[in-house]
Amino acid sequence: MKSNFYKAVLLAGIFAGSAHAFSLYDTAPSVGLPQSHAIKYNTYVRLGYDSNMDSSYSDETASCYVNAGLGASYADFESVNKISYNFNIGATKYLKESESSGKSMYADCGLSASIAHSISARSTYMASLSLTYSPEPDYASGISASRRQGDCLYWSFNNSYNQSIDARWSWNVSAGYSGNLYSETEYQSDDRQYLNCGAGLNYRSSELLTYQVNFSYRFDMRDVGYNSDNYTVTVGFSRSLDPVSSCSGSLGLQTKQIHGDVILSPNLHLGYNRKVSEGLSMNTYLSLSNENVDTYRVNGNYLSDMTWRLGANCSYRLSPDVAFNFGLSLVQSKYSEGTRGMADETNITVNPSVGMSYNFSSDMVGSINYSYTWYNTDRAGNSDGYNRHNISTGLTYTF
């Protein structure tokens, strides 16, 4: 029984360590043991309609589109080196050209991979990699802008080492490198890279509850605008609520050094995860941090970027063949400490979505999805923004 528990803790740590670098949805510990499987291939095609393909404030361009691609996935959690990967390569073709860039073809490519090596019974090394090239913003990555900005290359590479001191105490160190590069010239003022490292101490008070103290450092490197040094100290917890759900949270203080100024800000992360084979599954997060995203303006630079991020993904499996999904993303960025007398600015993005999937067979799945995006920017009482409707239906075949 005890060996199974330690295996569950180890594998949960592998998933949390690798996925946390990819998405805020993995703030809470994973539920259940990950499943190994041989390599699987899939091909997909979607037909859709986009009411505002440029996320434009005015002169919206509406167009139908076709999205298609190929993918593969693999997972082995039984060997000494626990390896998993998932990748896809595809593209989206609009029937009309973009008013801003003149393009009608966009990328739809991604890769995620992780490896965990048990050096000994007490120590583990983990590495994770994520690459995406797509025009769609990833609200849950924690560093992406809240609107569509053409094809964007996002990468994240993270490493961590975990060492147990005894049955209750353990420590860890980590280091990573990530960034965003935009293909469209008009958005390249937001190109940026991040270097980060950290250390933490964990105390397992019971088989269900663990407390953590963490220190992290992040260096934000902007191609245009001011770089910043960020030092964050947090205290937190991870708890298994029952066999199908878990939660975690952390609260701390972030010190941001930028352009000769020192800005102190609260830092908050909360997550909840529930996973069942039939019924309601849910994955949520809430975060608050002082970011350094989209802070440059032609007339100056914002030094503070306090950002709330909220996300929820829910799925309800009505039967083995029918499932419904619901989602909500919210990003609110409050820009202040502007140079050259710049007025404060607030940007808000709300993105609800709903969909349904149907298993025609064990290999063929059909789906229909709808998402709505509302974006508003307010500066000195002057507001602007956009609305976007996106509906699509498609098929995925796995072999």
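Predicted model: local features only at pLDDT ≥ 70, side-chain atom pairs only at ≥ 80, totals over all residues.

Q: Fine. Is aspartate 294 buried or exposed, then?
A: Aspartate 294 has 11% relative accessibility, so it counts as buried, being under 20%.

Q: Where is aspartate 294 found?
A: In the loop between S14 and strand S15 (296–297).

Q: And what is the phi of aspartate 294?
A: Near 55 degrees, which is a positive value in a residue other than glycine. Most residues other than glycine have a negative phi.

Q: What about aspartate 59, what is its phi?
A: Aspartate 59 also has a positive phi, near 55 degrees. Aspartate 59 sits in the loop between strand S1 (37–50) and strand S2 (63–76).

Q: Does aspartate 59 count as buried or exposed?
A: Exposed, because its relative accessibility is 67% and the cut-off is over 50%.

Q: Switching to cavities. How many of 30 Å³ or more?
A: The count is 2.

Q: What volume has the largest cavity, and which residues line it?
A: Its volume is about 90 Å³. The lining consists of Met53, Asp54, Ser98, Ser100, Ser101, Tyr106, Arg148, Gln149, Gly150, Glu184, Glu186 and Tyr187.

Q: How do the residues of that lining divide?
A: For the largest cavity, the lining has 3 nonpolar, 5 polar and 4 charged residues.

Q: Take serine 98 from that list. Where does serine 98 lie?
A: Serine 98 is in the loop between strand S3 (81–94) and strand S4 (105–107). Its relative accessible area is 5%, so serine 98 is buried.

Q: What does serine 98 touch?
A: Leaving out residues up to four places away in sequence, serine 98 touches Met53, Asp54, Lys103 and Tyr106.

Q: Now the second largest cavity. What volume, and which residues line it?
A: The volume of the second largest cavity is about 70 Å³. Among the residues lining this second cavity are Ser144, Arg147, Glu291, Asp294, Arg309 and Tyr335. Strand S17 (residues 322–338) gives the largest share of that lining, 3 residues.

Q: How does the lining of the second largest cavity divide?
A: Into 4 nonpolar, 4 polar and 4 charged residues.

Q: You listed Ser144. Which serine side chain does serine 144 have a polar contact with?
A: The side chain of serine 141, at 3.4 Å. Serine 141 also has a side-chain polar atom 3.1 Å from the backbone oxygen of aspartate 138.

Q: Where is serine 141 found, and what does it touch?
A: Serine 141 is in the loop between strand S6 (123–134) and strand S7 (152–164). Beyond residues up to four places away in sequence, serine 141 touches Phe22 and Tyr154. Serine 141 is buried, with a relative accessible area of 13%.

Q: Last topic, strand S14. Why is S14 said to be largely enclosed?
A: Because 9 of the 12 residues of strand S14 (residues 279–290) are buried.

Q: Which strands does S14 pair with?
A: Strand S13 (residues 261–274) pairs with S14 antiparallel over 7 bridges, and strand S16 (residues 300–317) is joined to S14 by 12 bridges, also antiparallel. S13 and S14 form a hairpin with 4 residues between them.

Notes
Residues numbered from 1 in each chain as written. Heavy atoms only, no water. 1 Å grid on protein atoms, 1.4 Å probe; cavity = no way out; pocket = protein on both sides within 12 Å on 5 of 7 lines; lining within 4 Å. Points joined across faces, edges and corners; volume = space filled by probe spheres on them. Nonpolar A, V, L, I, M, F, W, Y, C, P; charged D, E, K, R; others polar. Helix = DSSP H or I, 4+ residues; strand = E, 2+ residues; numbered from the N terminus. Buried < 20%, exposed > 50% of the residue type's maximum accessible area, 1.4 Å probe, protein only. Contact = heavy atoms within 4.5 Å. Pairing = 2+ DSSP bridges. Polar contact = N/O pair within 3.5 Å; in protein donor to acceptor, adjacent residues only side chain to side chain.
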